[in-house]
Amino acid sequence: MSRLFSIILSVLFITNVALADRMVGHPTPLQNELLENPVTLNCGAVVREVRGSSQNYAQLNDLCTHAYSNFFQYIEAKGLRVSHHNTFNWNISFLPEATCYRCLNDEKFRFNNRFVGGAVIGYTSRNDHWAFITSAHDSEFRVTFVHEMFHSMSMFYGVYDGHPGSWSQKTNADEELAAEFTEWLGYGR
Ligand SMILES: [Zn+2]
């Protein structure tokens, strides 16, 4: 074994030991991150993880119900179609916005495979059936939450998949719709 190779091996070994307790990937909550009692909102979405600021469930209920009760009318008005009418079902994690380990912008570990790069305040994963949203209750919270619930409903009801083009083009189309939707509901965009 060459000296260089052996040095590289030791460096890899040390790195692996240092990171042994850090999970790479796995955007959805680990077992110990799940709420002991998940909270099902009236719209059908289920809050399964809350870290950082605590949440106002009455407000979340109102916002999600407002979004859900206007979703189908909006989709129809845009000339788009849903693929089914099953009861809405989606998962939500509220996370600190920072880049710390397992936080919303932990692109090194938890979200190393995130489709959208850069700092986000909300991110909805089609494949995981999950919305990851900042837990900070700033002035933008309502629009952020309703925006991600729009993506969640769009993905759940096949609207997102129905957008023409590549995954990037579908994402861009859904982004525009979500911004218009929150504006239409009076939250701004
Ligand atoms: Zn968006």
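**A close look, starting from one residue**

Modeller: Leaving aside residues up to four places away in sequence, Phe-132 touches Ser-93, Leu-95, Leu-104, Gly-122 and Tyr-123; touching, or being in contact, means that the C-beta atoms of two residues, placed from the backbone, lie within 7 Å. Before going on, please note that this is a predicted model, in which local features need pLDDT of at least 70 and side-chain atom pairs count only at pLDDT 80 or more, while totals for chains, interfaces and linings use all residues. Residue numbers start from 1 along each chain, following the sequence as it is written.

Phe-132 is found in strand S5, which covers residues 130–134. Strands (E, at least two residues) and helices (H or I, at least four) are DSSP runs, numbered from the N terminus. With 27 other C-beta atoms within 10 Å, Phe-132 is buried. The cut-offs are these: a residue is buried with 20 or more other C-beta atoms within 10 Å of its own, exposed with 12 or fewer, and partly exposed in between, with C-beta atoms placed from the backbone. Asn-105 is 27 residues from Phe-132 along the chain, and their C-alpha atoms are separated by 10.0 Å.

Let us step back for a moment. The chain has five helices and five strands, and along the sequence they follow the pattern α-β-β-α-β-β-β-α-α-α. Of its 189 residues, 29% are buried. Among contacts with a separation of 6 or more, 61% join residues 24 or more positions apart.

H3 runs over residues 141–156, and its 16 residues should span 22 Å at 1.5 Å a residue, which agrees with the 22 Å between its end C-alpha atoms. The expected span is 1.5 Å times one less than the number of residues. H3 is mostly covered, with 15 of its 16 residues buried. After H3 comes Gly-158, which has a positive phi, near 80°.

What covers a helix like this? Two packed helices are described by the angle between their axes and the distance between the axes. Helix H5 (residues 167–184) packs with H3 at an angle of about 130°, and their axes are 9 Å apart. Here an axis is a line fitted to C-alpha atoms, for helices over the stretch in contact, and angles run from 0 to 180 degrees between N-to-C directions. H3 and H5 are therefore oblique to each other; angles under 35 degrees count as roughly parallel, over 145 as roughly antiparallel, 65 to 115 as roughly perpendicular, and the rest as oblique. On the H3 side, Val-143, Val-146, His-147, Phe-150, His-151 and Ser-154 meet Asp-174, Leu-177, Ala-178, Phe-181 and Thr-182 of H5. By type, the residues of this contact are six nonpolar, four polar and one charged. Nonpolar covers Ala, Val, Leu, Ile, Met, Phe, Trp, Tyr, Cys and Pro; charged covers Asp, Glu, Lys and Arg; the others, Gly among them, are polar.

Helix H2 (residues 57–77) also packs with H3, at an angle of about 45° and with the axes 10 Å apart. That makes H2 and H3 oblique to each other as well, and the crossing of H2 past H3 is right-handed. From H2, Leu-60, Leu-63, Cys-64, Ala-67, Tyr-68 and Phe-71 meet Arg-142, Phe-145, Val-146, Met-149, Phe-150 and Met-153 of H3. This contact has 11 nonpolar residues, no polar ones and one charged.

Arg-81 sits between H2 and strand S3 (90–95), and its 11 C-beta neighbours inside 10 Å make it exposed. His-129 lies in the loop between strands S4 and S5 and is partly exposed, with 14 other C-beta atoms within 10 Å. Most residues other than glycine have a negative phi. The phi of His-129 is positive, about 55°, although this residue is not a glycine. His-26, in the loop between helix H1 (3–18) and strand S1 (39–40), likewise has a positive phi, near 60°.

Key:
Left-handed = near helix turned anticlockwise from the far one by under 90°.
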